[in-house]
Amino acid sequence: MSTEPVTRSEVFGQIRKELYGEEQCSPSCTHIFIILGASGDLAKKKIYPTLWCLFRDGLLPDNTYFVGFARSNLTVDDIKKICLPLMKVQDDETETVSAFFSKNSYVNGRYDDGSSFDQLNNHLSSLPGGSDSNRLFYLALPPTVYHHVSTNIRTHCTSSKGWNRVIVEKPFGRDLQSSQELSAHLSSLFKEDQIYRIDHYLGKEMVQNLMVLRFGNRIFGPIWNRNSVACVVLTFKEPFGTQGRGGYFDDFGIIRDVMQNHLLQMLCLVAMDKPASTSPDDVRDEKVKVLKCVAPVAVSDVVLGQYVGDPEGEDHSRLGYLDDPTVPKGSSTPTFATAVLYVQSERWDGVPFILRCGKALNERKAEVRLQFTDVPGDIFGGRCQRNELVVRVQPDEAIYLKMMTKRPGVYFSPEETELDLTYKSRYKNVKLPDAYERLILDVFCGNQMHFVRSDELHEAWRIFTPLLHHIEGEKTQPIPYRYGSRGPKEADDLVKRAGFHYEGTYKWVQPHAP
């Protein structure tokens, strides 16, 4: 048995072979990653830093090139200067980062101009192996230009010998009709297996862990249903407001921004039946089945809120939503929403799925919480609280089970505690990859499991479109809530009516915090 230490490059080399297989690791195969919208915020903050991490760790196929395209007149040096502060480059990585940018190039042009895409295609073909290359097109662009850009890609820039894949960022439309129009347009240009609708929450470590937790453990199978689960709560909370981006946010609102996509995707992973295999289509088939069992959200099962300033607080930057100069005067766009959905299937009939999300709240948190039914025949005089299984997505990734134990000492009384798997404690020195790293790697591998299929998208919009049209048609006024609070009290009342019990006796704290 060899005692030679395994180098970092050998480790990542083995991972890469497992991901791609020998054929795609071949030096003869050229891959080109094209960033459309290379001058924008998403490219600067997420895409270039993600590509750098994958390149640094040796996870990309050999002979991978990166090409930026945008209207701005930029150079690679300009992009380097913009992105470098966000790339977390270590002192010993100077040569590697130089090698990364040597693989980069940039072309400027107009998104609605076919000749600009002819120039882009000429540049792609001029790269080593570029004529026969595999091409990935990332649309880091506002949806308003999707039609022009996708048409020009198909007409002018696709590879005739290699594969072509297109990554589309949310929002995928504004409602059911606009989403169907976009899907019809994309499907007229590309096959479904070429389209990657990216929802970065599907790349989160703990969201992906839901499948292993559910289907890799015998103990959860028998209780993961209406017989044992009283309710499911899916939460997404941010402690900050729109921070000068209110103009963008106001066009969509919190339901389109978070609930219709991130939270609904997590609901699918909690509620779906076991797929036949882990193949992408088997998994997505089960998610679609869940969505088909969900009726459109009833207006009576929704509470909307909008944050106002906290003049008495110490932080005077905590201005209200309407105080943001980029927000239209008198806007009634909700920054907070709680909605109760029901999955009308044999497994979940009658169990409320409570979706909660909002900005300018009291903490940063995203989690999935299953609250189990009360213990039948309670012999402890009502002192037992409901068990809860919590999957904490961010921050401080963890899985913990709230349960009752005997209070230590001479007492004979139950108290709440938890079985805890906090990742920072259990997996010391393990760096969890960013969601975009996982998902971009999946596109290179051709794995669509963590991407949204067109029928899945259709069902998601079907559930929320009537509510959105009602809110906008009636100009529903959201309930004001103070910046830094839990949100409107009416939302807590709705959650309680739906069946969630919280006695306020116990709160989980990060037990291994330094």
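I began with Gln306, whose bridge partner in β15 is Pro480. β15 covers residues 479-482 and pairs with β8 in the parallel sense, over four bridges. I count two strands as paired if DSSP finds at least two bridges between them. Strands are DSSP runs of E, at least two residues, and helices are runs of H or I, at least four, numbered from the N terminus.

This is a predicted model: local features need pLDDT of at least 70, side-chain atom pairs count only at pLDDT 80 or more, and totals for chains, interfaces and linings use all residues. I number residues from 1 along each chain as its sequence is written, and side-chain values use heavy atoms, without hydrogens and water.

Next I looked at the other partner of β8. Strand β9 (residues 336-342) runs antiparallel to β8, joined by four bridges. Here Val303 has Thr338 as its bridge partner. Six of the seven residues of β8 (302-308) are buried, so the strand is largely enclosed by the rest of the structure. Buried means under 20% relative accessible area, exposed over 50%, partly exposed in between (1.4 Å probe, protein chains only).

Then I checked Glu474. This residue sits in helix α14. Is Glu474 buried or exposed? Glu474 is exposed, at 56% relative accessible area. From its C-alpha atom to that of Glu503, 29 residues apart along the chain, I read 36 Å.

Last, I turned to the lining of the largest cavity. Which helix gives the largest share? The answer is α10, with five residues. Both α10 (253-271) and α14 (454-474) supply at least two residues each.
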